[in-house]
Amino acid sequence: MRAGGGPRLEPMPLHLVKLCVGVSAVEELDAWIAERLAGQAARGAPAEHKHTTRMVPRRTAELLDGGSLYWVIKGNIQARQRLTGIRPFVDRDGIQRCDLVLAPELVATEWQPRRAFQGWRYLDAGDAPADLVPGQGAHALPVHLRLELADLGLL
């Protein structure tokens, strides 16, 4: 108990949510990440997965205290990656950018519908979908069946 009488509440991590444009399934994103990391390793570069964005998050400390980037695929949050770094920089054209450095492991989540938006949005921990257990729930279905069910609005 704290001196104030109540239990001390631990801060909950803050997350980001972002559209995953051009990807139709979690497996496709996972394969893209693996391909990118393999290409870096083949060039002798450090294997690091990052996503470059225009806006720099202001709540960096909260995001890096256990936060993740949740990916919206085909209108639903479907997966997340743990945030490991946030690196603002200025590109060749003098435009402020930011690399979101991500753990390479992709974690499938319960599906949570999201409307289209630009950029990224903050996502409170209490609003984030739960991780899926591999081989259970919708994740146990073949990819083509999951996509069909999603298109019909059943997932």
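Predicted model: local features only at pLDDT ≥ 70, side-chain atom pairs only at ≥ 80, totals over all residues.

User: Which residues of α1 are buried?
Analyst: V26, L29, I33, L37 and Q40; buried means under 20% relative accessible area, exposed over 50%, partly exposed in between (1.4 Å probe, protein chains only). They cover an arc of only 70° around the axis, so they sit on the same side of α1. That arc is taken from the directions from the helix axis to the C-beta atoms.

User: And what's exposed on the other side of α1?
Analyst: E35 and A42.

User: What do the buried ones pack against?
Analyst: β2 (49-53), β3 (68-73) and β4 (76-90), with contact meaning heavy atoms within 4.5 Å. Helices (H or I, at least four residues) and strands (E, at least two) are DSSP runs, numbered from the N terminus.

User: Switching topic, how many salt bridges are there?
Analyst: Five in the whole structure, each a side-chain nitrogen of Lys or Arg within 4 Å of a carboxyl oxygen of Asp or Glu. One of them joins R80 and D131, closest N and O atoms 2.8 Å apart.

User: Where do those two lie?
Analyst: R80 is in strand β4 and D131 in the loop between β7 (120-124) and α3 (143-151), so the pair ties together parts 51 residues apart in sequence.

User: Buried or exposed, that R80?
Analyst: R80 is buried at 17% relative accessibility, while D131 is partly exposed at 37%.

How values were computed:
Residues numbered from 1 in each chain as written. Heavy atoms only, no water.
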